[in-house]
Amino acid sequence: MDFSKKEFIKDFKAQFQSMYAYPYEEGSTEQLYNALGLLVKNYISEDWKNTRVNYINNSVKQVFYFSMEFLPGRQLTSNAYNLGILDIIKDGLEELGLSYETLAEAEADPALGNGGLGRLASCFMDSLASLSIPGNGNGIRYQYGLFKQKFVDGYQVELPENWLRYRNVWETRNDKSTCMVRFGGNVWIEENAQGHFETKYEDTLNVLAVPYDTPMVGFRNNKVNNLRLWSAEIPVEEEEDYLSIEATEPIKEITEVLYPDDSNYEGRLLRLKQEYFMVSAGVQSILRHFRKYNVPRKNIPDKVAIHINDTHPALVIPEMMRILLDEEHLSWEQAWEITFKTCSYTNHTILREALEKWPIGMMKELLPRIYMIIEEINRRFVENTLPLYGEQITWQTAILQNEVVNMAHLAVIGSHSVNGVAKLHTEILMDDVLKDFFELYPERFNNKTNGITQRRWMHLANPGLTKLIDDKIGEDWKRNPAELKVFKSFEKDKKTLKQLAAIKLENKKKLAEYIKEVKGITINPEALIDVQIKRLHAYKRQHMNMLHILHRYLEIKQNPTVDYTPRVFIFGAKAAPSYVYAKQIIKVINSLAELVNNDPDVGDKLKVVFFENYGVSLAEKIIPASDISEQISLASMEASGTSNMKFMANGALTLATLDGANIEIRDYVGEHNMFIFGLTSKEVYELKASQNFSAREVYESDTSVRRVMDALRDGTIPNLQGEGDAIFESLIHFNDEYFVLKDFPSYVKAQEQVDALYKDKMEWTRKSLLNIAASAPFSADYTIKRYADDIWKVKQCCLEDEGVHPLDEPLS
């Protein structure tokens, strides 16, 4: 986009005046941000319209990415940067006496996801647009998102995250594209006068799905894709039937919060209702869009690809069947061929308990027509599979079994492609979790290792590093990340290493100031900053990190005069509201932090910071300042991870088990440029199979383990109300499900290697540079290009005034 600072200033003044009817000098920070955001959106609008028209006029195939989560982060800076006008805006605001940084901080961080799943979906949206690939997101516009996390006396407390309080300037309500979604009631099929079977409904709960569209701006290519989020409302013609606020609750609650508490029947029912609401509205909208192409319905797979991001949107399959059967009046065989060729599925978990299963009775009650279709899909699957593969494999892969609907089974059976998100993860799917399906459909399985958008996580989050790379190797890497490998040639250049170290220190100073501001804790920016930021779960082993901190604290107390490498441990994590054990871990970490941070014997040798309400904007502050990236899940448990990629791209060294994408990081950067510890995936499986691991035996034989475990319950950590005992019980009496104590000695040894290397600042910085130079393969641009080529069969699409920028594949 090409315009001047003078034009921007004129536009901004006019925008503010038209919105508030008084001069910008009198505006509040929120008002100034709203005016700026809407102005940038106005700049986007022409490309947004042209992109949509271009897709329709050229009859291009489009992908629709269905996800329960999208975690985009703040969008003002990203959108302005991708348009190429960020510097002009900053300069213009400065001339007006305004601070761009202050206005940007006023933007709410959309609370539309929980962690890696939602952030991945948003990285993919960015890459689709930046690669000129026709792609759309489909999700839910949660009023309150997940929750706002607060710590009260060290305990997690969940509050509503009212991120829409001051409006969302990026969204556009699209009333002409609403859909009706039906729940419950009675459903039956009868033959009409023409001899066609018709589905009849009565006494249903009717919900109006209202789309809110958000532009997904490509990187300087005039391409703007669409993210559509649905909000649940009462149908206008039925408003008079709702005589109280309480009566409207069953509809309003559908899009109020992400992942309602599923520890009771009502919560699980609401989750299922959310999933179908998103799926039904999305599929209806897609098929309505398809009609604009004026081609036969059999060509739907030639124009539409629907991607199921984890099992939450798996109801896409029976919903598409419903519309093709009941509204388009196709035969079952025709509808199934179209659905199968259109849908593809990404599995994101190895945890069997995380593969969604819904009680058959619940599905029948809430979605009677959908259950009929699932029942028929299952019947035909069993009928076809039983003669070929026998009873055992047939029943193990059936959708309906043990009074539940297996959503992962539905997703695999109804999709032409099934992929994992890291090489190890995909191998585990084929060898264990979905082994029977791999025997049935080996051709469907493939790997697509996750990726991140370097535009947000390097260009914007770490401008100092970005400028250094630009100065050394030019700017081609911004469009073609494979060029980053050229940066490796500077690994022995002392000037470059000093510059890189200075940039890291400056980022650490900024983070130290922020920690002082929000936490009241003073840290030494020269200390090693060690970070673990991710959803809190026992398999991610934040409690192993905590045990190491406790070990370190006890060592310092025992030998306070020893020259320890100063270390700042940073945590960011939310625990699911009903996940008691995870919340107990949070409490213990916070109490340990209180102990460590206030002990004069410790001083700057050790600090612990646990940030509240971790999210994208906080990650953008933490990651560029990090020295160590903690990726310590039990090998074989993490599907991929993406924070590992963000840390690597910003020069942090990875401390990791050989789990998820950590293996591929090792393959690209080399084992000697990271710190690896712990059991391998193979060793974990062998240990589980042997059933001869005894956590108590480790506790009794290893004095270091015994000392930290005893400290959990002997009063060393103050202000605990049984949380330390709960962790002790889980690890000792319940035999340490995730082998924390088995890996602990290896973990401590790796941490000692970290300390030793950090004392050699030049060698540490050299390894940091090598990590940055090797990070290109984890760009989401490569991941999306492989999805588009291998699974979706969607081509890059040129507009008349822009060219598609080819990607060089990174070196293996």
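## Exercise 1: Ser775

Task: find which residues Ser775 is in contact with, leaving aside its neighbours within four places in sequence.

Solution. Step one: contact means heavy atoms within 4.5 Å. Step two: with that rule, Ser775 touches Gln454, Leu484, Met648 and Ala649. Step three: look at where Ser775 sits, which is the loop between H30 and helix H31 (780-792). Helices (H or I, at least four residues) and strands (E, at least two) are DSSP runs, numbered from the N terminus.

Before you go on: this is a predicted model, where local features need pLDDT of at least 70 and side-chain atom pairs count only at pLDDT 80 or more, while totals for chains, interfaces and linings use all residues. Residues are numbered from 1 along each chain as its sequence is written, and side-chain values use heavy atoms, with hydrogens and water left out.

## Exercise 2: buried or exposed?

Task: decide whether Ser775 is buried or exposed.

Solution. Step one: buried means under 20% relative accessible area, exposed over 50%, and partly exposed in between (1.4 Å probe, protein chains only). Step two: Ser775 is buried because its relative accessibility is 2%.

## Exercise 3: the sheet

Task: work out the strand order of the open sheet of 6 strands.

Solution. Step one: two strands pair if DSSP finds at least two bridges between them. Step two: reading across gives S20-S19-S18-S21-S22-S23, with parallel pairing. Step three: strand S20 (606-611) and strand S23 (675-676) are the edges, each pairing on one side only. Step four: zoom in on strand S19 (residues 567-572), which pairs with S20 over 6 bridges; here Phe571 stands opposite Phe610 in S20.
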